[in-house]
Amino acid sequence: MVQAAIEVFKEKGIERTKVSDIVKAAGIAQGTYYLYFPSKLAIMPAIADVLIEILVADIRKQINTEDPFKTQLDDLVEVMYQHTKEYRDVHSLVYAGLSSTEYLQQWEEIYEPFYEWLGDVLENAIKREEVRQEMNAKRTAKLLIGTIETSAEQAYLYDQTDEKEIDEQKKELRTFINQALGTNDD
């Protein structure tokens with residue numbers, strides 16, 4: 001049902017999509033939809049949840065937590081940028097849908113597995129003395145994810161810049177984050 005909703009929203013836009021369009025695409029009865037979602041936009045958190053599940057699965061596959069923190073950070077930036085590029089249409093839908101509803105408060109809950117994963121990575125980096133020792137890993141994880149995500153969104157959702165410019169932006173982002181975290185240069 002969620003995948004059908006994504007496709008219909010992408011095709012028709014949020015305003016023109018009706019629940020009947022979603023259930024037709026999903027091949028289910030309209031009553032079945034309402035068992036799970038009380039309104040058309042109530043499905044937006046489920047769409048966001050799928051996006052984060054995909055992102056966290058990609059991160060777990062592509063990032064070796066035994067690597068030095070700087071390598072993990074480089075890989076994290078790459079994965080998040082690639083994810084934003086690949087799912088740019090869905091990201092746009094989710095932001096538009098969530099920002100216009102009462103479901104925006106669920107955002108932090110949806111991101112919790114991602115925050116937890118990065119918090120653990122940062123805790124390891126602190127233990128290995130690869131970053132500032134006085135850092136609050138859980139709070140910094142949220143800030144770091146928000147910073148990388150916003151930068152990727154600028155590149156792919158708003159600015160639509162070319163790949164060379166995007167590479168320069170990622171380089172600057174890495175420098176900014178490394179300086180903020182006090183990442184060791186060795």
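The largest nonpolar core of this predicted model comprises 58 residues, a core being a set of buried Ala, Val, Leu, Ile, Met, Phe, Trp, Tyr and Cys residues joined through side-chain atoms within 4.5 Å. Burial denotes under 20% relative accessible area, with over 50% termed exposed and values in between partly exposed (1.4 Å probe, protein chains only). The residues with the most contacts inside the core are Phe 9, Ile 47, Leu 76, Phe 114, Leu 118 and Ile 148. Two or more residues are given to this core by each of helix 1, helix 2, helix 4 (44-62), helix 5, helix 6 (88-99), helix 7 (107-127), helix 8 (137-159) and helix 9. Helix 7 supplies the largest share, 11 residues. Helices (H or I, at least four residues) are DSSP runs numbered from the N terminus. Beyond its neighbours within four places in sequence, Ile 148 is in contact (heavy atoms within 4.5 Å) with Leu 73, Leu 76, Val 77, Met 80, Tyr 81, Leu 173 and Ile 177.

Residues are numbered from 1 along each chain as its sequence is written. Local features need pLDDT of at least 70 and side-chain atom pairs count only at pLDDT 80 or more, while totals for chains, interfaces and linings use all residues; side-chain values use heavy atoms, with hydrogens and water left out.

Helix 5 (residues 69-86) packs against helix 9 (residues 163-181) at an angle of about 140 degrees, with the axes 11 Å apart. Axes are lines fitted to C-alpha atoms over the stretch in contact, and angles run from 0 to 180 degrees between N-to-C directions. Helix 5 is therefore oblique to helix 9, given that angles under 35 degrees count as roughly parallel, over 145 as roughly antiparallel, 65 to 115 as roughly perpendicular and the rest as oblique. Residues of helix 5 that meet helix 9 include Leu 73, Val 77 and Tyr 81, and those on the helix 9 side include Leu 173 and Ile 177. By class, this contact has eight nonpolar, two polar and seven charged residues; Ala, Val, Leu, Ile, Met, Phe, Trp, Tyr, Cys and Pro count as nonpolar, Asp, Glu, Lys and Arg as charged, and the others, Gly among them, as polar.

The axes of helix 1 (residues 2-12) and helix 2 (residues 19-26) come within 8 Å and cross at roughly 125 degrees, an arrangement that is likewise oblique. Ala 4, Ala 5, Val 8, Phe 9 and Lys 12 of helix 1 meet Asp 21, Ile 22, Ala 25 and Ala 26 of helix 2. Seven of these residues are nonpolar, none polar and two charged.

Tyr 33, in helix 3 (residues 30-36), is buried at 0% relative accessibility. Contacts of Tyr 33 outside four places in sequence include Val 19, Ile 22 and Val 23.
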